[in-house]
Amino acid sequence: MTVLKIKWFWLLLPLFSLGFAQGDANLLLQYNRGPDLDAFYRKWNFDLHAHIIYGNMRENYTVRKITYSVGTYIQYKFSKTFALNSGADYFNLSYQYNLSKNQTYDKLSYLSIPMTLRVFPSRKIHFETGLLYNRLLSAQNTKIVNLKNRINEYPQGVFKNAFGWLFATQYNIWKRFDISLQYRFFKKETDPFSDQKNNFDAFLLGVHFYVLNPKKKPK
């Protein structure tokens, strides 16, 4: 019985070898199977974007206001379904204090730098999450808050650079244009006796334009 199995093995081996040696065209004709013609992807791409921001200090005595951000991202794909993303945003936050002795507004501006991972279930949609670094550019109030210099700019150290996190989804609506919905938060240790806290979150609605067409196969 063992000898018979060995004979069948040596008889079928050339047939299996022939099947593996066939080209994609033969496989496609014989078995209606072949290489995935939609498997291409661009390793590098760039997008220009703008967001509407609905953000706030994460305290119950402040009220969210609408602001904006603009920026550019650089995307590197390891495969059709997995990518690394970074770049920079000019990111603004605005909110109003709702205290008996304070009804003023703050406006904070950051250079926000993401380092995120993207997963692509299809060419039309992707999901994203990752780290954010927020470098403070300016922090102002609608009244004079820096008594030494008599200006609306907060003194150094009241608001600080901070790390945070984001969660996002993005959908292709037409050619190179996408829309996105994002949630991000960031925080830093703050004086517990101060009304100004380094603890923020925001919802972002964005429009993105890709410099290179992600649906067109690169040459």
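A: In this predicted model, the charged end of Arg123 sits over the ring of Phe40, 4.1 Å from its centre. Lys77 likewise lies over the face of Phe120, at 4.0 Å from the ring centre. Here a charge counts as over a ring if NZ of Lys or CZ of Arg is within 6 Å of the ring centre and within 35 degrees of the ring normal.

A word on the ground rules: residues are numbered from 1 along each chain as its sequence is written, and side-chain values use heavy atoms, leaving out hydrogens and water. Local features need pLDDT of at least 70 and side-chain atom pairs count only at pLDDT 80 or more, while totals for chains, interfaces and linings use all residues.

Now to charges that meet each other. Searching the whole structure gives three salt bridges, each a side-chain nitrogen of Lys or Arg within 4 Å of a carboxyl oxygen of Asp or Glu. One of them joins Arg64 and Asp201 at 2.9 Å, N to O. That pair links distant parts of the chain, with Arg64 in strand β2 and Asp201 in strand β8, 137 residues apart; strands are DSSP runs of E, at least two residues, numbered from the N terminus. Asp201 is buried, at 9% relative accessible area, where buried means under 20%, exposed over 50% and partly exposed in between, using a 1.4 Å probe and protein chains only.

Another salt bridge brings Asp89 and Arg184 together at 3.5 Å, N to O. Asp89 is in strand β3 and Arg184 in strand β7, so this pair ties together parts that are 95 residues apart in sequence. Asp89 counts as buried at 1% relative accessibility, and Arg184 counts as buried at 1% too.

Glu128 and Arg118 also form a salt bridge, at 3.3 Å, N to O. Glu128 belongs to strand β5 and Arg118 to strand β4, ten residues apart, and both residues are buried.

Glu128 has a further partner, Thr116: their side chains make a polar contact at 2.6 Å. That term covers N or O atoms within 3.5 Å; within protein, one must be able to donate a hydrogen and the other to accept it, and residues adjacent in sequence count only if both atoms are side-chain atoms. Thr116 sits in strand β4 and, at 0% relative accessibility, counts as buried.

Conventions: Helix = DSSP H or I, 4+ residues; strand = E, 2+ residues; numbered from the N terminus.
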